[in-house]
Amino acid sequence: GVFAHLEALEAQAYEAALKQEELQQQEEKLARLKARVRELRLQRDALRAKVDLQEKGQLGKEGAVLDKAQPSAQDGLERKIKSMKAMLQIFYLTGISGKLTKQGVCFCISTAYEGTYLDSYYLDLLIKPQVQIYRHSVPIFIPLEQIARKHLQTDIRRFVSVVSDHLNAYAGRRYQADQLQEHFSDQIEGTLQRNSLCNLLVFSYHVSSESKTLVFNVRLLYGDLCCSLPTEVIVSCTPDAPAYLAETAAAHSDLFRRVALHKAFRSISSAGEKAD
Amino acid sequence: MDCSIFQVYEDEIQSLEEEIKLLTEKYEDSLQESTFFSDEEIVMSIKSFQGEFQQESKGCESDLKAQLASLLTDFSFLMKFSGIKFTSHLKKTVERTGNRTVKKHSLAGNCHSLSFQLEFQLLETQNKENVSAVVTDLSIIMESGEDSDMSKFVSSTEEHRDLLTFFRSLSSYGEWYEHRRRTFLHFKVMF
């Protein structure tokens, strides 16, 4: 009856209001998008003009349009600042960078393995009343105190250099183990055991040849903490393994001593493939 | 209202933002001049900035001068500390895809009596927390290239793109060289 009719009208009105609101929101959104596009187009056109002028050589070395006012001192300063920041980034790539502080100097020691930059660590030093370490982010398993006792007071360069050697060797060992786990996980039996310093690795791996799977156990000890190659390698086979495997084990042992772990595995894998 | 019209505008916004990034990089790259630094220039610059921004009490320019003075001081310190003096640096973006950028660097300098010229390519990838860097190409020219030990060292370093080891070795050599020179002078004076 009437009541139902009123309800229907109310519902219609409600829906119409909703539609109206939705339409309004869409129009607002469209307006916003159009404005943004206009803004970006202006920005892009200004940049294009600058780049074109530059390419035609009409911009002087200072990067400002020559036929207008003098290049602003501010532009010159900003460019010099950018240049300097780029140079300080280069120092990061050299392995030792840092900045002077009110109380001394804060060194940043970067680590890398063959072109791949890894973690960096900081060493905040005070210089008065005597040189001392204020703060640092060097992991505790690096013998920092020992190195400081030996060198910090007498030769800061040597101190930073030795810490850098330790950190880079550690980073290199860790990188090799990580690469092994990432790329050769199918050849590793069980888990690869390693300590925090990554100077002791124990694991088993298999090599398939002539449709047989041969398992080797290996223990790598990196006795020199400044070196990323092991000083001691023990490769053994299972007790019931055939005698000729001793030769393979010896060959692998020699390989691990001379070549980075993940690279050694690359040649072991490809040798295995060739044998098949 | 047809929703596809939003997509058209949103697509254009994305492509404009991308274009702006590329143009900005192109503009900034070509602005980068070869920079030449000598000890005297750096000391003079720092002194002049220190003098000038003491006079100006405020303003954007004095902030910039203070910032530049601080950067120059750090740079000068690092060169003295490492023994490595950079005399020129040029970088250029050669490739940019997504969050990966490849930049080509030309760098020249010396460490005591050893002069070097490097060209390397650096691949930088923007991660969530930081930027990772990998040297993808490295070529080194040493002035004293005839020395066979030196050329072995250089080609091994180039092969492994081991930029960091190159600089650490250079710096160590510099230290040793300095020590030797001082020892020699000491004996020269004595006898």
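Is A:Lys102 buried or exposed, and at what relative accessibility? At 89% relative accessibility, A:Lys102 counts as exposed, where exposed stands for over 50% relative accessible area, buried for under 20%, and partly exposed for what lies in between (1.4 Å probe, protein chains only).

The views below show a predicted model, in which local features need pLDDT of at least 70 and side-chain atom pairs count only at pLDDT 80 or more, while totals for chains, interfaces and linings use all residues. Residues are numbered from 1 along each chain as its sequence is written, chains are lettered from A and ligands numbered from 1 in the order in which they are written, and side-chain values use heavy atoms, with hydrogens and water left out.

**View 1. A:Lys102 in a loop of chain A.** The residue of the opening question, A:Lys102, is found in the loop between strand E1 (96-100) and strand E2 (104-113) of chain A; helices (H or I, at least four residues) and strands (E, at least two) are DSSP runs, numbered from the N terminus. From A:Lys102 to A:Leu126 the separation is 24 residues in sequence and 8.9 Å in space, C-alpha to C-alpha.

**View 2. Chain A as a whole.** Chain A holds six helices and eight strands, and from the N terminus on its elements follow the order α-α-β-β-β-β-α-α-β-β-β-β-α-α. The radius of gyration of chain A is 33 Å, whereas a compact globule of 276 residues would have a value near 19 Å; this radius is taken over C-alpha atoms, and the globule rule is 2.2 Å times the number of residues to the power 0.38. Along its principal axes, the C-alpha trace of chain A spans about 95 × 75 × 50 Å. Of the 276 residues in chain A, 41% count as buried, and the accessible surface of the chain comes to about 16000 Å², with 53% of it belonging to carbon and sulfur atoms; such areas come from the Shrake-Rupley method with a 1.4 Å probe, and for residues only the protein chains shown count as cover.

View 3. The peptide bond that joins A:Lys128 and A:Pro129 is cis, with omega about -10 degrees, and A:Pro129 lies in the loop between strand E3 (116-126) and strand E4 (132-136) of chain A. A:Cys198 lies in the loop between strand E5 (188-194) and strand E6 (200-209) of chain A, and its phi is near 55 degrees, a positive value in a residue other than glycine. With a relative accessible area of 3%, A:Cys198 is buried.

**View 4. The interface of chains A and B.** In this view, 61 residues of chain B are in contact with 64 residues of chain A, contact meaning heavy atoms within 4.5 Å. The size of an interface is often given as the accessible area lost when the parts come together. Chain B and chain A bury about 5900 Å² between them, 70% of it on carbon and sulfur atoms; this buried area is the accessible area (1.4 Å probe) that two parts lose on being put together, summed over both. On the side of chain B, the residues that lose the most area to chain A are B:Tyr27, B:Phe81 and B:Leu164, together 12% of what that side buries.

**View 5. B:Glu10 in helix H1 of chain B.** B:Glu10 lies in helix H1 (residues 4-31) of chain B and, at 32% relative accessibility, counts as partly exposed. Not counting residues up to four places away in sequence, B:Glu10 touches A:Lys29 and A:Leu33. B:Glu10 and B:His105 are 95 residues apart in sequence and 36 Å apart in space, C-alpha to C-alpha.

View 6. Chain B has five helices and four strands, and B:Lys103 is found in one of the strands, E2 (residues 100-111). At 16% relative accessibility, B:Lys103 counts as buried, and the residues that B:Lys103 touches, not counting those up to four places away in sequence, include B:Lys91, B:Thr93, B:Phe120 and B:Glu124. B:Arg161 has its place in the loop between helix H4 (148-159) and helix H5 (163-190) of chain B, with phi near 50 degrees, a positive value in a residue other than glycine. B:Arg161 is partly exposed, with a relative accessible area of 32%.
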